[in-house]
Every structure is written in structure tokens, then in C-alpha cells.
Amino acid sequence: MLPKHLLRPILFSLGCTLAFQAGAETADDTSTPEQVKAATALQGQLPLQELRNFTEIFERIRSAYVEEIDDKTLFDYAIKGMLTSLDPHSAYLQEDAFTDLQETTSGKFGGLGIEVGMENGLIRVITPIDDTPAEKAGIRAGDFIVTLDDEPVMGLTLSEAVERMRGEPGSKISLEVRRGDENELLSFTLERAEIKVASVRTEMMSGDIGYVRITQFQEHTGAELKKALQKWTEDGQLNGLILDLRNNPGGVLDAAVDVVDAFISSGVIVYTKGRNPQSELRFEATADTVAGDIPVVVLINGGSASASEIVAGALQDHKRAVIVGTQSFGKGSVQSVLPLTETSAVKLTTARYFTPNDRSIQAQGIVPDILVEQSEVTPYEERYYKESDLPGHLSNPTVKAKNDVSEKTSTTKESASEKKDSGLLKKDFQLYEAHTLLRGVSILSPVRVNASEG
């Protein structure tokens, strides 16, 4: 606890400074020009009356609050309040929160597997991470968490709520969630687990369409993507690529830059603007491009945030990809982590992101080129009589000859891909539309050669 004999000199020194400031403002005959100049500069730098109010409130809490609170806790509360009042993403990271941040960027941490933000005093789910307890339980992007273990989240800071959701793998936590137009709160009981996020998942779909799902931007995301693209182009044709960034909350900026660099060979990828010149950065593409001419469709939705929006915005501005889905989240601010000690840091919003065409992502997001709401594909069967149904119809000699050859030399590669696609595409209308678009492009485009042959 800070002794009163140490606090009083603080108040006294502030009082002396205020007195000196008052003398400078009146510019009496006893003040030198240098003193007046110094006092005026100090007045511009520090809100002295507000500092005096702060110390007065601090002392009153220490002496009159119903329960005794130590000075360190009060100062921690003051710092937290100062930062969380700025915007939803600035925060005071103490030991647990600082460790959590480091674990998240490395792709391994304990908890429920949801990216959250604060909105109107409630915890808003930005996105559940793939293959985590939250995603498996049915938590959705846009849900509002109202209670944690029957305790209301109203009044908690974002870091406090996250800390409650973290815990030992195997332990359980109950959540009540408000969703859209649902009249009743939805109840969930989740078992915490060690979250290991696979940053990049790949799959080859029918029509030689590559599918890449990036769940979160981590340190090695760009390298993993480039490795998959090189393998596909070396093994055979790659007629198109679907880059799925839906429900991707963002992550490491350098990883987003690497992903864009895989598709463009020149030009700006993203730049930042802030008050401090050190916060102004500019990233440009390099000639190290592994998929410079392959048609690309990027899938986004309301859960695509931050680094996801940087990738979508850059590829959209360079006209390098068609953006399909729904409008993204709109987190276009830069958070710098400023370490204070080995176990604590300040996460401070220091700049805004801008796309190559000078568009700010903040509170606007990326608007898709083709708006496609999510739903399931439900084909409607229609029955038509065809020529081949008529009794005594003439046979087609071309088809018969082709069928005879294919029976001898057929391969099951394409049929296996189509069978694997069918279940996924029926459940995911946005992916179905992206796949259909790329199939159309590949039909109209000339045959692509392998990268090794170029």
C-alpha cells in the first residue's frame, strides 16, 4: 500500500506546479521569460487540474470505500479503465492476458475457441474457430454472450470475460447466448479444451479446383499456403482456387501480406496511417509469386475480420480475385503491443488499415463483388421426356464410340472428387456458388500448363 506520507508530496508537488503555472499565466514581474515559456509548455502537455482531481479521487477511494483496496489494484483499475474507454481493442495486458496473446499468435492455447469483442456491454462472438468446443456446440458469429456460469457479463471488461472463459482442459462452463430474433436465450455447456488451430486446410475439388481454408493468420500461414499451391501446380493442372476466409478473425499482419504476395507480383498490399510516424507502414508485393495467373474466388462473411479483410481488400483492389459472400466485420485498426515488463504490456490502437485503393476497412469492411447469403443447396427435381425416352429412337454413334473407349481406359479420379464434393457443396451454398463460378471460368479459359513446364 502507498503510504500517505508518499501520497501527500505528490499532491503538494502538483499544487506547487499549479501555483507556478498560475504565476506564468499572469506574467508578473518576478517571472523570467524562460520560466513563462517552460510553464506554458508544461500546461500544454499535462492537464494539471485533471491530475489533481485524479489524486483527490484516488485518496477518497483509499480512505472511504466500503472495502479496503490496495494501491496496486487501484492503479491497475485506473490503467484498465483508461485503455478500455478508448476503443474495444485497446487493453491492459497483465500476466495471464499477455501469455494468452502470445499463445494465440503461435496457434495453441487453452479455452473454448471463440474470437470475441465487446459491444454494448455484452460479449459479441466475432467467430468460432473451426474444430473447437465452441464451433462444435453450435456457437455462431454474431451471438451475444449474456452470462458465464450464470453470472452476467454486463460490467465485465473484455479481458475479464476472456479470462473467465479460459481454464483447464476438461473443465466445463455454461453460457447463455442471445441470437438474432430468438425470443429466448440459448443455453450451452462447453467443455474447455486445448485449442490447436490448424491455420491452413487444403482440398482438391472436382474440376481441378483447389480449396484453401485459412482459419486464422499465424506466423507460418503464408509459407503453408505457398507450399500447397506449389504442390498442386507441380502435380497437375490447377484450374482455379477458392480461398475461404469466412469466420477468420485475423491474426498476424505479416502472414496476411504473405498470402496476398502469393497471388500478385507488384503493387501495394496494405498501408497504415496513424498519428505517430512509426505507426505508418507500407507493404508491397514481391516478384516471388507462385499463383500469379490462377483464377481466384475469395469467400468472406460477417466473421471475416482484420487480416482477412486486408487479404480480401488487396485482391479485390488489384482485380486479382472475385470476392463472394457477405460484407465482412469491419475491423480496420492496428493494435501495437507495447511491453511494460516481462509479464505485462499495453495493447494500444495506433493506426488504421487502408487497402491499395485508399479504402479504410474500419467500421465498413469489405463489400463482396457478388453478394451470396449462406444457405443449403436444395435442388428441385423436374421430369422431362427426352428423345432417348421415346420407343425406337435412333442411337448416337458418337456417344456409343466414346463410351466404348471410356470403359477400357476410365479413371476414377474425377468421379471420386465429385462424390466427395457433393455433400459439402449441398450444405454450403456460398462454396457451391464459388465452385460453380470457377468451373465456368476454367471452361472458357485456355488449358493451363504446369508450373514446372512454364
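Visitor: What makes the second largest pocket a pocket, and how much space lies in it?
Guide: About 930 Å³ of space lies there, a volume being the space filled by probe spheres set on grid points joined across faces, edges and corners. It is called a pocket because, on a 1 Å grid over the protein atoms alone, a 1.4 Å probe fits at an open set of points with protein on both sides within 12 Å along at least five of seven lines. This is a predicted model, where local features need pLDDT of at least 70 and side-chain atom pairs 80 or more, while totals for chains, interfaces and linings use all residues. Residues are numbered from 1 along each chain as its sequence is written, and side-chain values use heavy atoms, without hydrogens or water.

Visitor: Which residues line the second largest pocket closest to its centre?
Guide: Arg-246, Asn-247, Asn-301, Gln-374 and Asp-428, out of 25 lining residues; lining means having an atom within 4 Å of a point.

Visitor: How do you know that Ala-228 is buried or exposed?
Guide: Its relative accessible area is 13%. Buried means under 20%, exposed over 50% and partly exposed in between (1.4 Å probe, protein chains only), so Ala-228 counts as buried.

Visitor: What makes a set of residues the largest nonpolar core?
Guide: A core joins buried Ala, Val, Leu, Ile, Met, Phe, Trp, Tyr and Cys residues through side-chain atoms within 4.5 Å. The largest has 42 residues, and Val-311 is one of those with the most contacts inside it. Leaving aside neighbours within four places in sequence, Val-311 is in contact (heavy atoms within 4.5 Å) with residues including Phe-217, Leu-243 and Ala-256.
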